[in-house]
Amino acid sequence: MLSEDELHDLAESIKAEGQHEPIILDADGILLDGRNRLAACEIAGVEPSFTTYTGTDPKGLILSLNLYRRHVTKGQLAMIVAMARFFSEHSLRDHAKLHGISLTRISNATTVLKHAPDLAEQVRTGTLSLDAAYSTVQEHKKRSAALQAQHDRLREHAPDLAEQVTEGLITLDDATAALDERQEEERLRKRVSDAEALRLADGGTAPPLTQLVEQGQLTWHQAHQDAEQFLADRRDAIHRARQALQLIAENWAAVQELAARPDTPYARDILDGLAPEARTLAQSLTTLA
């Protein structure tokens, strides 16, 4: 309804110039459009003019007349259409085409209306833009999805912590941090165990790191550092051994030639020019060649 002052202004206009547009009733005499004109006619003491609607979509008529009579933004228009869809037999696509609004805009308005009716009302009245309301709803949905994901993760990997959250004994963030700590310790434990198994397979004789942790001499983080150092040293040793063997393979012809001339001045001159450890290696290799 118009305000009291606006109604009196309309009454004065009708009294002076007459009623420009008739009040619309349906076939049963129910008012479809023109309640402000009817009230103004009563104030002005003027007999109102009526017309009867003979179409098949009275709700659509009401919506259309009220939308285009007022100055509203596209966002407001989309929200009003979204709200009116509950009283209309038309689909959102039909409303978009009928009122010249993009289907995306009406869909966004519907999302706001579904998840934040208070924001939807602000959009309808023009105190908040549809884009701002939709962004707020999307952020709320993202936060809700993130919280749900945290709950789901707790229920899957730590039912005891999930139960404590449900009972209000700890916060969701604290429970998530505790789960992160558990999983990190499990990761470290597995990494250390795998390194220990490799060290034992290689013939290592040092005390097992897992045993030192269980005895309280090391933390899992310290054991993990030692395990990573062992793996790094092992990789370096393998690399150096490969290089050395590759070098021997590339020069194997010299070993074969030395083996083909045993006890010759040529062989003695070669061996005499080597360091003791190299001489021992050369003599061992010639037996293989």
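**Exercise 1.** Why does Glu-185 count as partly exposed?

*Solution.* The relative accessibility of Glu-185 is 36%, so the residue counts as partly exposed. The classes are defined by relative accessible area: buried means under 20%, exposed means over 50%, and partly exposed lies in between, with a 1.4 Å probe and protein chains only as cover.

*Basis of the exercises.* The model is predicted, so local features need pLDDT of at least 70 and side-chain atom pairs count only at pLDDT 80 or more, while totals for chains, interfaces and linings use all residues. Residues are numbered from 1 along each chain as its sequence is written, and side-chain values use heavy atoms, with hydrogens and water left out.

**Exercise 2.** Determine which residues are joined with Glu-185 into one network of salt bridges.

*Solution.* Step 1: recall the criterion. A salt bridge is a side-chain nitrogen of Lys or Arg within 4 Å of a carboxyl oxygen of Asp or Glu.

Step 1: examine the first pair. Glu-185 and Arg-189 form a salt bridge in which the closest N and O atoms are 3.4 Å apart. Both residues belong to helix H10 and stand four residues apart, about one turn of the helix. Helices are DSSP runs (H or I, at least four residues), numbered from the N terminus.

Step 2: examine the second pair. The side chains of Glu-186 and Arg-189 also meet in a salt bridge, at 3.9 Å from N to O. Glu-186 and Arg-189 are three residues apart in helix H10, again about one turn.

Step 3: Through shared partners, the salt bridges join Glu-185, Glu-186 and Arg-189 into one network.

Step 4: relate the spacing to helix geometry. An α-helix has 3.6 residues a turn, so residues three or four places apart point the same way.

Step 5: classify the other two residues. Arg-189 is partly exposed because its relative accessibility is 31%, and Glu-186 is partly exposed at 47%.

**Exercise 3.** State how many salt bridges the whole structure contains, and describe the one between Asp-160 and Arg-182.

*Solution.* Step 1: a search of the whole structure finds 13 salt bridges.

Step 1: the side chains of Asp-160 and Arg-182 meet in a salt bridge with an N to O distance of 2.7 Å. This pair links distant parts of the chain, since Asp-160 lies in helix H9 and Arg-182 in helix H10 (residues 172-201), 22 residues apart.

Step 2: Asp-160 is partly exposed, with a relative accessibility of 34%. Arg-182 is likewise partly exposed, at 39%.

**Exercise 4.** Identify the buried residues of helix H9 and explain how they are arranged.

*Solution.* Step 1: helix H9 covers residues 159-166, and Leu-161, Ala-162 and Val-165 are buried there.

Step 1: viewed down the axis of H9, the buried residues fall within an arc of 100°, so they line one face of the helix. The arc is that of the directions from the helix axis to the C-beta atoms.

Step 2: Pro-159 and Thr-166, on the other side of H9, are exposed.

**Exercise 5.** Describe the backbone and the location of Asp-263.

*Solution.* Step 1: phi of Asp-263 is near 55°, a positive value in a residue other than glycine.

Step 1: Asp-263 lies in the loop between helix H13 (252-260) and helix H14 (265-272).

Step 2: with a relative accessible area of 73%, Asp-263 is exposed.

Conventions
Helices (H or I, at least four residues) and strands (E, at least two) are DSSP runs, numbered from the N terminus.
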